[in-house]
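Morning, everyone. Please take a look at the protein on the screen, and then we'll walk through it together.

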Amino acid sequence: MINDYSKDHVKSSVYRIKNIISGFTRYALDENLIRKDFTKNIYIVAEKKSKDNDLKFLEKDDFQKLIESCKKSTDLTAKMILMSAFTGMRYAEVAGLTPADVNIEEKLYPLTNHGTWFRANLSQLRPITPIES
């Protein structure tokens, strides 16, 4: 299974999947559901190469162009990019928000959005701060 997955994914992704499988395996061992840890001594090899570090991040001028383009757009994805850029929230945190979670007039959003699709404690709010030009 890991060999098949490694054909189309970078080493860090394959390693994450191996760790997930290893966790389940250790649990099954602890519960005496299996007798051997088949994930022990697996050597991670990935055929797909990682991107260069230069390609993983936007330069400041490109980031500003993205922000300006998103400000002009009415598309939901553009609004999600802006929310992420102004707050530091991850994709899953932004995707999990509902209109009731964000106070546009006061420019506030939930501080305690800890995980994917987690409903925030709306009593703790943080201000939305625009990026300086």
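One definition before we start. Helices here are DSSP runs of at least four residues, and they are numbered from the N terminus. Keep that numbering in mind, as every helix name I use follows it. Also, this is a predicted model.

Now the layout. The protein has six helices and two strands. From the N terminus on, the order is α-α-α-α-α-α-β-β. So what share of the 133 residues counts as buried? It is 28%. Next, contacts. Take those between residues at least 6 apart in sequence: 31% of them join residues at least 24 apart.

How confident is the predictor? The mean pLDDT of the protein is 76. A value of 70 or more is reached by 73% of the residues. Which element has the highest mean, and which the lowest? Helix α4, residues 60-72, has the highest, at 90. Strand β2, residues 125-127, has the lowest, at 50. Over residues 113-125 the pLDDT is below 50. Beyond near neighbours in sequence, that stretch still has 28 contacts in the model.

On to helix α2, residues 11-30, where we find S22. Is S22 buried or exposed? Its relative accessible area is 4%, so S22 is buried; the cut-off for buried is under 20%. Now look at S22 and K40. They are 18 residues apart in sequence. In space, their C-alpha atoms are 7.9 Å apart.

Back to helix α4, which holds L66. L66 has 31% relative accessibility, so it counts as partly exposed.

Last stop, helix α5, residues 76-87. Let's check its length. The helix has 12 residues, and at 1.5 Å a residue it should span 16 Å. Its end C-alpha atoms are 16 Å apart, so the two values agree. Which residues of α5 are buried? Among them are A78, M80 and L82. M83, F86 and T87 are buried as well. And what follows the helix? G88 comes after α5, and its phi is positive, near 85 degrees.

That's my tour. Over to you for questions.

Methods
Residues numbered from 1 in each chain as written. Predicted model: local features only at pLDDT ≥ 70, side-chain atom pairs only at ≥ 80, totals over all residues. Heavy atoms only, no water. Buried < 20%, exposed > 50% of the residue type's maximum accessible area, 1.4 Å probe, protein only. Contact = heavy atoms within 4.5 Å. pLDDT = per-residue confidence, 0-100. Expected span 1.5 Å × (residues − 1).
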